[in-house]
Amino acid sequence: MLIRKPASIIFVLLVLSIGIFSLPQSGTANVSGKTLPQVTSIQAPADPPLTTLIREYQLPLIPVTTIAYLGPARTPFDVAYDSNGYSWITDIARDAIYQLTPATLVNQTSTSAKEWALPNTGGKRSPLYIIANETQKVVWFTNPTSHQISRLNWSTGQLDDWNLANLNIMPLDLVLQSTNAIWFTGINDTSFYQLTVNTNTVIAYTLSLPTGGPAAKPTRITFNGTCLFLTDTAFDRLYEVPLPLPPKALSYPLTHPGFTWDVDVDTGNNVWVTQPLSSLIDEQLTHSVNKSSYQIMQAGQSISPEIETLKPNTLNVSIKITPVTPSAFPGPLNTTGDPFVVWSIPTGVTAVTYVPPPARPWDVAASADGYAWFTEPFYNHIGVIQPTTSKTLLYTVPTSQSLPLSMDIQLGNPYHVWFTEYRSGQIGELFNATYTTTTPGAPIVITIPGLAVGFAVGVLAMALVMVLMRRRGK
């Protein structure tokens, strides 16, 4: 049996059930209100230019008479791109999973998506983070409200739910080690977990200092092939856990207070973490020295999945495409003795006479070229840190106040980014392009480098609202 400490389950469930609705829903709106130029042709690949295209996929609106209190927009939370050419999205408020078929032509104005409505006879699920296993044609995702880790086979429609309610685990984030091993974290917990699929075994690994001290609170998780990396939102720490699992985990202190949130590892094994509260992104360098070690204790239990078969609905998805030129900002960065690099994220706001609120970077994804991409929900930006040039680029999402949250990098193309727009109910796709136009109203000619374009819960929302809006009223 897993030995668990009592948790404030009622409070967490309350926040999960109502927190997601604290963000107002709205339709889309062009930030300038102007008609966008039409894209009509494509040229041969060229060197990556400064100008970028952002394609926005609008999920169909929900009739107000269906679920009036949710509003007309869907609520895409996380996105994962797979090598089969699909983008996978969770809908936290509507308990759904979407499989988006990306556009294959630059001037395409519509596409389709499949929607799997998740059964929730026992209450809401609030699906959060999602990962894809392309070889098995399955996606894995967490359901904190219903205490479930789920696997959907999109070729057969089979849904497997591992119910963790008896263990008081509310799964948060997850990562795939192999087809047989899933690692995940829980909400407001001192443990991280492994689900071994062939034996249906869940093992809890608890971090505790041998001489006392603050208990660990693992939050987000990633895997670089040899080590697990976990963030700690409560104590602003980064944990490194080599696999196979040793008796200790390495701990690195980060900038405090920062509300340390997301984590990813680049090809040089530098670890990137976002700190929304302090408007920083910390880059823990590969030759850093850990400051302390946490002992790892473990306990396990077998849990068999519940199995259902689902049929998807087909959705019509409209598309708009917009050329975007980023704003570039130099540094500043500070290197400390550990060493790690602290990147101060700019707001991009210059035409104001008052001091703007902090930037609050949220999600981070490291690309194959060593750049760190991130979402910045408060100012409606997709950003990228370029360590080789010590610059940060900010791309404004065309739909105003869209609240970009989660992101993923398309495999094989480091400058092809997918992201969710929570508030506008859209999926964003950012990729390199140049465009030229000779006369007003003339067709735009696009140059695309690299791959062919397009193909090749509530507790988090409440936390996001608290972090993003902390100083808004001041």
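The model is predicted. The protein chain has 474 residues, and 58% of them count as buried. Its secondary structure comes to two helices and 36 strands.

**Surface**
- The protein chain exposes about 18900 Å².

**Aromatic rings**
- The structure holds 19 aromatic pairs.
- One of these is formed by Phe184 and Tyr193, whose rings are stacked.
- The centres of the Phe184 and Tyr193 rings lie 5.1 Å apart, with 20° between the planes.
- That angle falls under 30 degrees, so the pair counts as stacked.
- Phe184 and Tyr193 are both buried.
- Tyr86, Trp88, Trp116 and Trp154 are linked into a cluster by ring pairs.

**A charge over a ring**
- Tyr129 has Arg220 over its face.
- The distance from Arg220 to the ring centre is 3.9 Å.

- Thr142 sits in strand 8, which spans residues 138–143.
- Thr142 counts as buried because its relative accessibility is 0%, and the cut-off for buried is under 20%.
- The Thr142 side chain reaches the backbone oxygen of Leu172 at 2.7 Å.
- Leaving aside residues up to four places away in sequence, Thr142 touches Ser126, Pro127, Leu128 and Tyr129, among others.
- Gln148 and Ile149 are also among the residues that Thr142 touches.
- Further contacts of Thr142 include Pro171, Leu172, Asp173 and Leu174.

Terms used:
Residues numbered from 1 in each chain as written. Predicted model: local features only at pLDDT ≥ 70, side-chain atom pairs only at ≥ 80, totals over all residues. Heavy atoms only, no water. Phe/Tyr/Trp six-rings, centres within 6.5 Å; stacked < 30°, edge-to-face > 60°. Buried < 20%, exposed > 50% of the residue type's maximum accessible area, 1.4 Å probe, protein only. Lys NZ or Arg CZ within 6 Å of the ring centre and 35° of its normal. Helix = DSSP H or I, 4+ residues; strand = E, 2+ residues; numbered from the N terminus. Areas by Shrake-Rupley, 256 points an atom, 1.4 Å probe, with all protein chains shown as cover. Polar contact = N/O pair within 3.5 Å; in protein donor to acceptor, adjacent residues only side chain to side chain. Contact = heavy atoms within 4.5 Å.
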